[in-house]
Amino acid sequence: MSYAPLDSSHQDYALLFAIEQALLTAAGGLDAFTEMVAILFRQAFDEVIDAPRTNRFTLAEIEKTEKTYIGTKVEILLRNFLKLPKGKVLDLFVNDTEVDIKMTTARDWMIPKESIGRPAILMRASERNALCDVGLVVCRLEYLRGSQNQDKKGQIAAAHYTNIWWLLKQQRYPKNFWEVLPLAERKAIMEAGTGKWRLAALFERIQGQPISRSQVQAIGQQHDYMKRLRKNGGARDILGPKQIAILWGTKDRDLIERFGLGPITSEEFVSYHATDPLEVALLRTRDHID
């Protein structure tokens, strides 16, 4: 994570500082904000891809028209996470100030006419690299490139990125492992059988890699997909005898840290193959393996 505020001499320092403080207070601090953003991006992409119902697994597989909804999804999730109201004109109301939210999966942000002269939260994410940026800026006309798209939106020129207050820069967020998984591996997982067998194949083949709850749902493809992970009918019955444990970021954070499997959010799972006798004994005590 790279936090880079503006210099106090910058013309927009006071305004952006006040907005930053309000956002971090609403989130519970910078660390909580960072985890929230990581979860938010993964959730937004997974919900738009909608693997459980569409059998699609990556951003490249969705329709062009659906990609335009990613920005709206991110806006809705951010506002919900922060518990801040929607503005009358722009996306968010922060400290009695209308603030826009601009999201891109490309390089640049598109700034509409109604945002000129107003503050904005800039959000950017790369599914291929699983890296994201979050910044604050006042969208001044002089920051925009001369050319505009057909919607009369301008782009913030790279030369003016120095006017952005970076809350997060090149911050990792939960990876969509399908982006880098060979098709043969995907095929083997999805053809392993029913939900519990697919999940067992997933966590046996993809060890040490955080996997989001929504991706578990996509593979489980059942209403009570969490049951497909547990003992007495789930993947735990298949992997336990092999000394492979499925750990959850919500309940098993101490084990995840002990085994060096982090960082991992509360909405992710990770599998671990224990070979050391002490680790095996510990995981047996916690009923993760047999």
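## Basis of the model

The model is predicted, so that local features need pLDDT of at least 70 and side-chain atom pairs count only at pLDDT 80 or more, while totals for chains, interfaces and linings use all residues. Residues are numbered from 1 along each chain as its sequence is written, and side-chain values use heavy atoms, with hydrogens and water left out.

## The chain overall

The secondary structure comes to 11 helices and 11 strands, where helices (H or I, at least four residues) and strands (E, at least two) are DSSP runs numbered from the N terminus. Taken along the principal axes, the box filled by the C-alpha atoms is roughly 65 × 40 × 30 Å.

Of the 290 residues, 51% count as buried, meaning under 20% relative accessible area with a 1.4 Å probe and protein chains only. Among contacts (heavy atoms within 4.5 Å) between residues at least 6 apart in sequence, 61% join residues at least 24 apart.

## Helices H2 and H5

Helix H2 (residues 30-49) packs against helix H5 (residues 69-82) at an angle of about 140 degrees, with their axes 9 Å apart; the axes are lines fitted to C-alpha atoms over the stretch in contact, and angles run from 0 to 180 degrees between N-to-C directions. That makes H2 oblique to H5, since angles under 35 degrees count as roughly parallel, over 145 as roughly antiparallel, 65 to 115 as roughly perpendicular and the rest as oblique.

Residues of H2 including Met36, Ile39 and Phe45 meet residues of H5, among them Tyr69, Val74 and Phe81.

Methods. Buried means under 20% relative accessible area, exposed over 50%, partly exposed in between (1.4 Å probe, protein chains only).
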